Amino acid sequence: MLSSDALEPYVKGLEVWVPHAEEGWQLATIQSRELTEAHITLETRAVTGDERTNPRMHMHAVPASPRFLGQDAQNTELPPLRNPKVLDGADDLTSLSYLHEPAVLNNVRIRYAAHNIYTYSGIVLIAMNPFQRVQLYAPELMTAYSGKRRGELEPHLFAIAEEAFRDMIQEQRDETIVVSGESGAGKTVSAKYIMRYFATVATQSGGKSLVADASKRDDRGTEIEEKIMATNPILESFGNAKTTRNDNSSRFGKYIQIHFDKQSYIVGATIRTYLLERSRLIYQPNTERNYHIFYQLCAGAPPSERAQLCLDECTKFAYLNQGNCSEIQGVNDFEEFAETQKALSTIGMSVQRQWDIFRVLASLLHLGNVAIAAQSRTNASIAEDEEAFVTATRLLGVDAAMLAKWITNKQIITRSDKIITKLTPAQAVSVRDSVAKFIYASLFDWLVTNVNATLCNEESASQSHSFIGVLDIYGFEHFKRNSFEQFCINYANEKLQQEFNQHVFKLEQEEYIREQIDWQFIEFTDNQPCIALIEGKLGVLALLDEESRMPSGTDENFVNKLYQQLDTPANKKYFKKPRFGQSAFTICHYAHDVTYEAEGFLDKNRDNVPDEIMEVLEASTFDFLLEVQKHRQAVSVAINYGAAIMNEAKEVASPQTKGRGNAGVSKKPTLGSVFKGSLIELMTTINSTEVHYIRCIKPNEAKVAWKFEPQMTLSQLRACGVLETIHISSRGYPTRRTLAEFISRYYMLVPSSKRPESPRDYCAAILDHALKSPDKYQIGLTKVFFRAGQIALLEKARTDKLVHAVTMIKKNFLARIYRRKYLALRHATITVQVKYRRILRLREKERIRREAAATTIQRHWRGYNQRQCYRAALCSIIYMQTGK
Ligand SMILES: Nc1ncnc2c1ncn2[C@@H]1O[C@H](COP(=O)(O)OP(=O)(O)OP(=O)(O)O)[C@@H](O)[C@H]1O
């Protein structure tokens, strides 16, 4: 049933959001509203756009289940309300009055259009990729953010870095900055700037930040910072590749811990890496490349080393030419090779050791060129004198005959016998490739361990007092075809999302307690059932491991096991068996339902090379290769030990799983279990730190500067949990203002005679006047908390008040002006009148005077005439009488 409160704002002329196919959401105004006992009808019209593409929208809501009908879709809710215009482009989404999907999208869009790439969403920083160099990372800006609290300046990743740095000093605890987002969203760039910030900014005791002054740092300090920065080009060369989505895509996850001493100077760093994409070594889709280092080596090796390693154009190597892409626009592999070498030297790696590494890389390229022929129709064979094979085995320092034998044959050990069978050419190619993948993955791990050894020796480890970790991890992935890699990535994201949700809740609760407001905490939907479905005792990973350890295990058996174990009513919210086909399974993740193709799961999970080939490699005459393998074995032992402990714990917990399919079971750690172990370890670390979040968003697929694709942005906002967080917090008090901010904006809502002294009472007085429902807000010690929508009401009240005030001022002002004008006019009129009258009077006087004069003249004239006549008559008489 719709409450009258909910309906109240929906009046004619109000702006609301309606769904739109391309724009995500579109602005519309309510044209009419009709309320009957049976239902409510709202009719809206799009504010912009042409009538054909955006026809009128008719909305209905029945009392029992409010709904509005779109052009062709039915919605069960009233349309979301638009925020007051004054909030457009707010730099923190939590300051919006209505917090919903369209509001978030609109705000981010407005900011991006104004070239503001960063926006806060509560504790999260949303970073939109500009796909263009922006002037936001200069040292002067680092100085500006140094020592400043978040919110004092525009949103920025330096503000997040500074916050972590300050918290570390003040709270004496470890910090983590989680940078996530989809491929090409800007994680690596952001992580690099954060590291640069830490490398540039140092502290003085007392927690006062300042940009590092070279004179204040000893050489060791500066050297460590240089080394830390040098890890970027190294890891990028060996772990990044060109993909369709990103020219410099990191094909692994990493967690870099920067260690600080008691004075908050950097003393070292350690790097943990996750799930390097191994398949890229042997296969690249069209327009994609293998790892950068191979192309750099082919372009940059000097002639003597080139000859020694038999290097050629990169297009000549099967492992490098499948994507038909040997160059990246704007990247010079020759120069990049020099950069990589320089970085390796910076971390203290000798030139000899560098060439050992390059030798291994060259051997892999030649191994990829080894032709596997069909000896008979089904049996594979390798020509031992083939150039590529000779070079590969020479560089690897291994027995060519033995390697050829174990690439083309397989040995099965039974209780009483050892049976050798021939492999098909396809199987042999797969073994050859598994050797290459194994060596490259081992080399990568060795490299990371060595980088760590130089970045954090025993001395720096002993000085380390606290650390800030930067996690640059792949975001949620959902492609047309999803495989084991996407499964692992999405599993990692489920774990991070859970941590994030709990964190947001924890923070909310903490703030409410700190501010001493009354609240009843709301439950939120935890994604734990989905995580349990993946990593639980009989979850996807356990069943995958069980099947992987069977000598005769297949992807089909694995997927059937999933159907049997997991396709149950209890799991129906999280696991689905697709309607068609028997080779896929769907997991309903927090961000999206993803259907995974089971094909290849077992191979990828097993990720092992036959024992016989391991023996061949272990007998190598190339010392460096042996060192790499020893390192690998040490890591495996550690993982096995961890796995054994985990298994033991599991078996104690669940006796019914004991003995499940143990016959002929391989004891090697599977990739899934390794990943699970490293993820658990990562989560333990992260949970012991204070976490800060940066969510990178890729605003368009084509990587075009400043282009905003709403649907693409929306799906990422959903996937990175921003909308989920907003949903969570909107059930509490999502909007808040400090008492001072609140008073300075809304003081006019209470008459000046009724303004109390204390800020809290002042706020209470304002709220009492402006908001009808006291349950819609709470006044804390330093902040006022609002339920969704209240700021819009306050804004409206403020606008009404101001409009009223403006009208009054205008009225009085105009009255004054017109009165003045009137008085001036009156005065002028009177003056004119007086003068005119005077003139008239003068004229009258003059006339009278003239008339009098005329009369006189007339009289005189008449007199004169009469006299003249008299005189003439007299003369005539005299004349007549006298004759004179
Ligand atoms: N802040 C930024 N300023 C300018 N350009 C950026 C910024 N962030 C990202 N870019 C551009 O986007 C590209 C992709 O960024 P980046 O490599 O950091 O993505 P990613 O999220 O790490 O991707 P992947 O997961 O594939 O490694 C960069 O090469 C750069 O061109």
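View 1. By class, the shell around the ligand splits into 7 nonpolar, 11 polar and 2 charged residues. Here Ala, Val, Leu, Ile, Met, Phe, Trp, Tyr, Cys and Pro go down as nonpolar, Asp, Glu, Lys and Arg as charged, and the others, Gly among them, as polar. Heads-up: this is a predicted model, where local features need pLDDT of at least 70 and side-chain atom pairs count only at pLDDT 80 or more, while totals for chains, interfaces and linings use all residues. Numbering starts from 1 along each chain as its sequence is written. Which residues sit closest to the ligand? Of the 20 that surround it, those are Ser183, Gly186, Thr188, Ser249 and Ser250; a residue is near if its C-beta atom, placed from the backbone, lies within 6 Å. Helix H5 (187-200) and strand E13 (249-250) are the elements that give two or more residues to this shell, and H5 gives the most, with 3. (Helices, H or I of at least four residues, and strands, E of at least two, are DSSP runs numbered from the N terminus.)

**View 2. A seven-strand mixed sheet.** Running E7-E8-E24-E9-E20-E14-E15, 7 strands make an open sheet with mixed pairing; two strands pair if DSSP finds at least two bridges between them. Strand E7 (118-121) and strand E15 (266-274) hold the edges with a single partner strand each, so one side of each has no neighbour in the sheet. From one strand to the next, the twist averages 20°. Inside the sheet, E14 (residues 253-260) and E20 (residues 466-474) pair antiparallel over 7 bridges, with lysine 254 opposite aspartate 472 in E20.

**View 3. Helix H16 crossing helix H17.** The axes of H16 (residues 484-514) and H17 (residues 528-535) come within 10 Å and cross at roughly 145°. Axes are lines fitted to C-alpha atoms, for helices over the stretch in contact, and angles run from 0 to 180 degrees between N-to-C directions. The crossing is left-handed, meaning the near helix is turned anticlockwise from the far one by less than a right angle. Tyr491, Glu494, Lys495 and Gln498 of H16 meet Gln528, Cys530, Ile531 and Ile534 of H17; contact needs C-beta atoms, placed from the backbone, within 7 Å. By class, the contact residues come out as 4 nonpolar, 2 polar and 2 charged.

View 4. E26 is joined to E27 (residues 783-786) by 3 bridges. Tyrosine 777 stands opposite phenylalanine 786 in E27.

**View 5. Where to be careful.** The protein chain averages a pLDDT of 84, with 87% of the residues at 70 or above; pLDDT is the predictor's confidence in each residue, from 0 to 100. Residues 203-217 fall below 50, and that stretch has 30 contacts in the model beyond near neighbours in sequence. Residues 641-666 are below 50 too, with 16 such contacts. The model scores ipTM 0.99 and pTM 0.78.

Key
Two residues are in contact if their C-beta atoms, placed from the backbone, lie within 7 Å.
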